[in-house]
Amino acid sequence: MRMIRSEHVFSLLSAVVLLTLAGSAQTLAPSKVKQIEQLITAKMSKDRIPAFSIAIALEGKIIWSNGYGMADLENFVPAKATTAYRSASVGKPITATAAMQLSERGKLDLDAPVWQYCKAFPSKKWMLTSRNLLAHMGGIRHYGGADAEAELYSTKRYGTVAESLEVFKNDPLAFEPGTEYLYSTYGYNTLGCVIEGASGMNYMDYLRENVFKPAGMLNTRDDNPLAVIPNRAAGYIVNERGEFENSRHIDMSNRLPAGGFLTTAEDLVLFAAAVMENKLVSQKTFEQMLTPQKTKAGKTIEYGLGWGLFPGEDWYGEREAFHGGQSPQVSSVLYLLPGRHFAVAIQTNLEGVSDRTGFAAQVARIVLDLKK
């Protein structure tokens with residue numbers, strides 16, 4: 001793999017600040033922009049992040065967005081707010097929203113057996129429902145199996161969502177659904193198959209018409225490694241010698257509903273804004289998605305229906321919702337304060353960047369002048 005010493009490029013990265021209006025009003029006060037950029041500079045320096053894209057939405061509109069550093073180190077391509085990165089698991093709330101739409105429309109019974117809608121997924125020892133899948137309480141395993149590395153770094157191209165279930169569909173459930181929490185990318189793959197069965201549409205066709213289009217997400221699509229896609233970021237790791245290396249090549253078609261999208265920071269906050277403004281689901285349905293789920297024994301988990309949560313915590317008196325994403329090429333987060341109709345999306349092209357949710361919370365504190 002091509003390698004570049006990280007210290008050789010950081011003087012260039014710190015000098016590249018590209019403001020991208022991209023058709024959205026930039027209405028954040030300059031003093032607040034300065035504070036946020038100081039946080040970004042420190043974060044990029046500390047974690048040696050090549051590219052950092054950020055967008056902020058408030059009360060249904062993008063109020064500020066920008067890109068910093070290099071989206072492609074080899075070709076010296078600056079990052080923008082509209083640089084396209086892999087969504088990774090930030091895509092899970094998108095799939096969850098599609099499922100909840102179908103529930104609202106009477107096309108999907110969240111408490112019916114999964115195999116009623118997804119014919120490609122065989123029946124199991126216990127009943128498994130879409131509600132279980134939404135909350136990661138279905139017992140479907142995560143990456144692993146006989147060859148965990150091959151699953152995580154899969155290069156196989158799957159033509160359909162149903163085909164991608166072949167990897168895990170015949171494995172037994174890890175536990176009786178509803179009794180435990182087990183984060184599962186494959187559970188969300190199965191949910192994608194359910195969406196197809198309930199809607200009668202191809203998964204991506206359904207999302208384009210019912211999520212992307214009404215939310216204004218013009219730069220979100222499936223992450224096809226064979227396609228020529230404008231503004232696509234390259235992805236990197238930093239090895240033990242302190243050198244940048246290109247991320248391993250993978251094909252995200254083995255996890256499309258779980259986060260195999262290509263998207264931008266601006267599109268992610270447009271999605272969040274559309275959800276919070278009830279353009280995709282009703283307020284009642286959104287409240288269900290933000291409700292911490294419980295096991296059959298009554299144990300509360302830190303997850304709703306598609307969103308990570310912090311149950312019982314008081315953060316400046318605000319309720320938080322979020323979803324992070326990590327995969328080869330990227331580290332990202334989408335963070336919401338639903339009571340303020342606030343969202344911030346952060347995308348980077350470096351694997352393994354930590355504390356992304358905490359960083360997003362700092363941005364929220366600055367933008368909203370939150371004080372204890």
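A residue counts as buried when its relative accessible area is under 20%. Keep that cut-off in mind as you look through these close-ups of a predicted model.

**View 1. A disulfide joins Cys118 and Cys193.** Cys118 lies in the loop between helix H3 (92-104) and helix H4 (130-134), while Cys193 belongs to helix H7 (residues 185-199), so the bond links distant parts of the chain, 75 residues apart. The torsion about the S-S bond is about 95°, which means that the disulfide is right-handed.

**View 2. Are the two cysteines buried or exposed?** Cys193 has a relative accessible area of 5%, so Cys193 is buried. Cys118 counts as buried too, because its relative accessibility is 0%.

**View 3. Helix H8 covers residues 203-215.** At 1.5 Å a residue, its 13 residues should span 18 Å, and the end C-alpha atoms are 17 Å apart, which agrees. Look along the helix to Glu209, where H8 bends by about 30°.

**View 4. Asn202 caps the N-terminal end of H8.** Here a side-chain oxygen of Asn202 lies 3.0 Å from the backbone nitrogen of Met204.

**View 5. Several residues of H8 are buried.** Among them are Tyr203, Tyr206, Leu207, Asn210 and Val211. As you trace them, remember that an α-helix has 3.6 residues a turn, so residues three or four places apart point the same way.

Methods: Residues numbered from 1 in each chain as written. Predicted model: local features only at pLDDT ≥ 70, side-chain atom pairs only at ≥ 80, totals over all residues. Heavy atoms only, no water. Helix = DSSP H or I, 4+ residues; strand = E, 2+ residues; numbered from the N terminus. Expected span 1.5 Å × (residues − 1). Bend = angle between axes of the 7 residues up to and from the residue. Buried < 20%, exposed > 50% of the residue type's maximum accessible area, 1.4 Å probe, protein only. Polar contact = N/O pair within 3.5 Å; in protein donor to acceptor, adjacent residues only side chain to side chain. Disulfide = S-S within 2.5 Å.
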